[in-house]
Amino acid sequence: MSIKLHSPSGQGRTHKILVAAKLANFQLEFVDTQLNEKNYKVFQDKFPFGKVPVLETQEGNLFESNAILRYIARHSEGLYGKTPYQQGLVDQWLDVTVNELESDVVAATIQVQGQIQGIPTLYKKSLTQINHTLNIVNNQLEKSKYISGESLTVADIALAQVVTIVFTLLLGEVERNQYQHLLKWLNEINQIPEWRAEFGRPRFAKNAFTLSEVTEEKKEKKEKQKEQPKQKEQQEQPKQQKEQPKQQKEQPKQQKEQPKQQKEQPKQQKEQPKQQPKQEEEDDAPKKKEQNPLDLLPPSTFNIDDYKRIFFAEKDINKNINTLFSTIDLNGWSLWFVRYNKAENEGKQMLLTNNLMKGFINQRLDQNFRKYAFAIHGVYGDEPNLQTRGAWIWRGTEVPKEWKEHIAYDYHEFVKVDINNEAQKQLFTDYWVKQEEDVSEVEGLKARSLLYFR
């Protein structure tokens with residue numbers, strides 16, 4: 001019996017385990033497992049708490065991601081330390097990551113991403129605790145190359161996964177630069193091939209993302225005082241409509257600035273060669289010389305641009321899906337279900353959920369990915385339990401770097417479709433052909449707002 005890791009593809013906890021397994025040369029079979037209300041009873045014996053990841057071994061099952069990390073590390077040469085004291089340090093920093101950092105990171109992240117109503121006092125409290133912990137970690141990394149000594153351990157892997165989220169979403173460049181030893185350490189981690197293969201290249205924003213729900217909260221308080229609940233919804237919509245054009249105005253402005261910056265780069269390279277490492281961290285756009293890994297794949301018989309033209313020209317939607325199944329080259333392309341893991345208090349309001357979904361797809365996802373992909377994605381269900389999900393086609397047979405570099409990558413689940421599996425094939429077909437908003441249903445959920453990624 002082979003050792004199996006049951007966990008959702010695309011989650012940070014999944015990938016940190018896979019990194020450790022690769023570093024330890026630990027053989028395991030990854031089983032993409034998406035737990036939900038429908039299949040929970042089937043897996044109840046293996047997943048008593050209804051959570052993944054779970055490692056299935058000949059001796060029994062292990063759950064909790066850090067327990068699995070420890071198990072894998074014990075089968076390695078040094079990922080768990082070489083002496084009892086070093087192993088104690090590994091345990092110590094694993095616990096610090098969970099108890100002193102991760103809980104506050106999750107609390108702040110779900111607010112800044114709009115998954116729950118932003119509460120400024122709680123958000124600031126979480127940031128204060130995060131910075132306090134990062135300061136302690138930074139001081140420790142001044143003394144040693146890695147968090148528990150001079151060699152890499154699973155404590156570094158677990159910590160790096162959480163710190164990456166902090167540096168991507170919660171702290172801007174000025175705040176990050178306060179932790180020079182931490183930045184140096186994280187750069188070392190990002191150079192490890194096994195890490196890079198799972199997490200991709202990090203992209204840190206120049207400025208931290210703001211708590212978008214703060215003004216919304218103040219507005220609601222005023223409206224409650226006036227006791228005009230009906231006017232509340234009317235006032236929310238114009239506000240968000242104003243924000244969207246503002247974002248659209250900023251995008252052309254950035255596009256105009258890019259050519260100017262490209263002209264200035266040669267001068268800066270000659271005059272200020274020492275500043276190049278900083279510029280690489282700040283640039284979100286790929287360099288001209290960098291080739292997309294999807295362009296390096298072997299030629300395929302399937303042409304996505306031809307299919308898109310057929311899709312929109314053909315009035316018979318059912319014919320579209322038959323064309324797809326009969327022409328797609330599964331050696332060079334793949335079909336996927338992409339689902340967003342919502343927080344407990346997420347999906348309450350259609351307006352906010354729809355804006356979040358569109359922001360993730362139309363703004364946060366690399367728009368160059370459109371020439372390698374096609375999708376029908378949207379909001380399904382009813383308030384207050386709305387779901388965000390969709391059906392995708394993309395180049396290659398694995399989750400691409402465009403998704404791995406997405407700011408909310410850890411909060412998405414990716415399920416590869418096996419068209420030989422009739423149930424999966426039918427579900428993909430349902431997403432593809434049932435496109436009438438407020439009428440069509442997929443997986444028992446009514447389609448509310450759909451978009452094409454093309």
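Beyond its neighbours within four places in sequence, Gln 387 is in contact with Lys 342, Gly 378, Val 379, Tyr 380 and Leu 445, contact meaning heavy atoms within 4.5 Å. The model is a predicted one, in which local features need pLDDT of at least 70 and side-chain atom pairs count only at pLDDT 80 or more, while totals for chains, interfaces and linings use all residues. Residues are numbered from 1 along each chain as its sequence is written, and side-chain values use heavy atoms, with hydrogens and water left out.

Gln 387 belongs to strand 7 (residues 387-395); strands are DSSP runs of E of at least two residues, and helices are runs of H or I of at least four, both numbered from the N terminus. At 16% relative accessibility, Gln 387 counts as buried, that is, under 20% relative accessible area with a 1.4 Å probe and protein chains only.

Turning to the sheet, six strands form an open arrangement in the order 8-5-7-6-10-9, with antiparallel pairing; two strands pair if DSSP finds at least two bridges between them. Strand 8 (412-416) and strand 9 (441-442) stand at the edges with a single partner strand each, so one side of each is left without a neighbour in the sheet. Strand 5 (residues 333-340) is joined to strand 8 by five bridges, and the two run antiparallel. Within this pair, Trp 336 has Lys 416 of strand 8 as its bridge partner. Helix 12 (residues 304-313) packs on the sheet, where it touches strand 5, strand 6 (373-380), strand 7 and strand 10 (445-453).

Conventions:
Buried < 20%, exposed > 50% of the residue type's maximum accessible area, 1.4 Å probe, protein only. Axes fitted to C-alpha atoms, helices over the stretch in contact; angles between N-to-C directions.
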